[in-house]
Amino acid sequence: MHEYSIAQSIMQIVLAEAEKANARKVLKVSLGIGELAGVFPDSLSFCFDLLAKGTIAEDAKLTIEKVPIRGHCPHCNKTFLIKNNLYICQNCRNPKIEVITGRELQINQLEIDDETD
Amino acid sequence: MKQIEIKKDILSAHEMIANENRELFKSNGTFVLNLMSSPGAGKTTLLERTIDLLKDTFSLGVIEGDIATSYDAERISAHGVQVVQINTGGACHLDSAMIKNALDGFNTETLDVLIIENVGNLVCPAEFNLGEDIKIMILSVTEGEDKPCKYPLMFRIAKALIINKVDLLPYIDCNINRIIKDALSLNPDLKIFEISCTKKTGLNSWKEWLEEEIHTKKKASFIDE
């Protein structure tokens, strides 16, 4: 996917949240990216670093937690990992499952230096 | 040094506008389709056929999305339907803010159906909600029977799949049953139509299903008033 525009959205949120928290510097940005989201982490890091230059997020470390695709079966109530495009309950073979994780594009946490440091 | 919990969706700004669009469509009883496919699968031709099938019954509007040119809007305009062309200038998908701006070109209160033809792309449009009721995917038989497995998200989020250009099946090496099987294993509720837009086959089932969806939306909007 187009990592540059995602990095732009990340920067907007990071700078807004940092301002709310009276941050002097953003040290770390932790993301949760689902496997289904189709984002290439190296490209995203590259674009983020580019956009962060000249802001309080310059040199911030970007960490990406990959979220696997998990399904839940409403029939037998089991939760399981989905691999190889097999969208079917691993327990009872019910094909009508819910995908509960895997599409995330989330900012989880920031680590900042605030004005008290 | 301090940790701050954020837990915020990166695309939350887009999602907020998509919800605003959705509310507007709901209050006007407008049924909205988001048509997606790779370039050349037949979106615009399907749109032309669909317009001719529906325009005597419903008031229609079309939003065309392309990186450049207004070729598609010109084709649609020839069918006597309101159309707005969005040129993204490089963006590979439409987003909710672009749709919100384009709505200024319509009298939205009188629209029964709005069809949005997205930019040709099998990846990015899947991530961006526009405020639509349903997403329709078009895959032509010339693109290869392996596409559902290669682009799973697109097939999972669609309500219906149109397999287009079926008139070409005798001339190419495509196992249409594999497309159907793989698509249904990704999305068991997917409604599948086998169509040839050029030969005008398979369009009646598509029309009947679409009319049912439109009426269901209108009934729901009427009940909510």
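Two strands are taken to pair if DSSP finds at least two bridges between them, and helices (H or I, at least four residues) and strands (E, at least two) are DSSP runs numbered from the N terminus. The model is predicted, so that local features need pLDDT of at least 70 and side-chain atom pairs count only at pLDDT 80 or more, while totals for chains, interfaces and linings use all residues. Residues are numbered from 1 along each chain as its sequence is written, chains are lettered from A and ligands numbered from 1 in the order in which they are written, and side-chain values use heavy atoms, with hydrogens and water left out.

β6(A) and strand β1 (residues 2-9) of chain B pair in the antiparallel sense over six bridges. Within this pairing, Gln109(A) stands opposite Glu5(B) in β1(B).

The contact (heavy atoms within 4.5 Å) involves 30 residues of chain A and 28 residues of chain B. Buried area is the accessible area (1.4 Å probe) that two parts lose on being put together, summed over both. Between chain A and chain B it is about 2,800 Å², and carbon and sulfur atoms give 56% of this area. Asn85(A), Arg103(A) and Leu105(A) supply 19% of the area that chain A buries against chain B, more than any other three residues.

Three salt bridges, each a side-chain nitrogen of Lys or Arg within 4 Å of a carboxyl oxygen of Asp or Glu, are found across the interface of chain A and chain B. In one salt bridge, the side chains of Lys96(A) and Asp189(B) meet at 2.8 Å, N to O. The elements that give two or more residues to the side of chain A that touches chain B are α1 (3-20), β1 (23-34) and β6 (105-114) of chain A. The largest share, 10 residues, comes from β6(A). By class, the residues on this side of chain A comprise 17 nonpolar (Ala, Val, Leu, Ile, Met, Phe, Trp, Tyr, Cys and Pro), six polar (the others, Gly among them) and seven charged (Asp, Glu, Lys and Arg).

Chain A has two helices and six strands, which run α-β-α-β-β-β-β-β from the N terminus on. The radius of gyration, taken over C-alpha atoms, is 18 Å for chain A, whereas a compact globule of 117 residues would have a value near 13 Å; the globule rule is 2.2 Å times the number of residues to the power 0.38. The C-alpha trace of chain A spans about 55 × 30 × 15 Å along its principal axes.

Chain B contains eight helices and eight strands. Its radius of gyration of 18 Å is close to the 17 Å that the globule rule gives for 225 residues, so chain B is as compact as a globular protein of that length. The C-alpha trace of chain B spans about 60 × 50 × 40 Å along its principal axes.

Over all chains, the whole structure holds 16 salt bridges. Lys100(B) forms one with Glu20(B), the closest N and O atoms being 2.7 Å apart. Because Lys100(B) lies in helix α4 (residues 96-102) of chain B and Glu20(B) in helix α1 (residues 12-28) of chain B, this pair ties together parts that are 80 residues apart in sequence.
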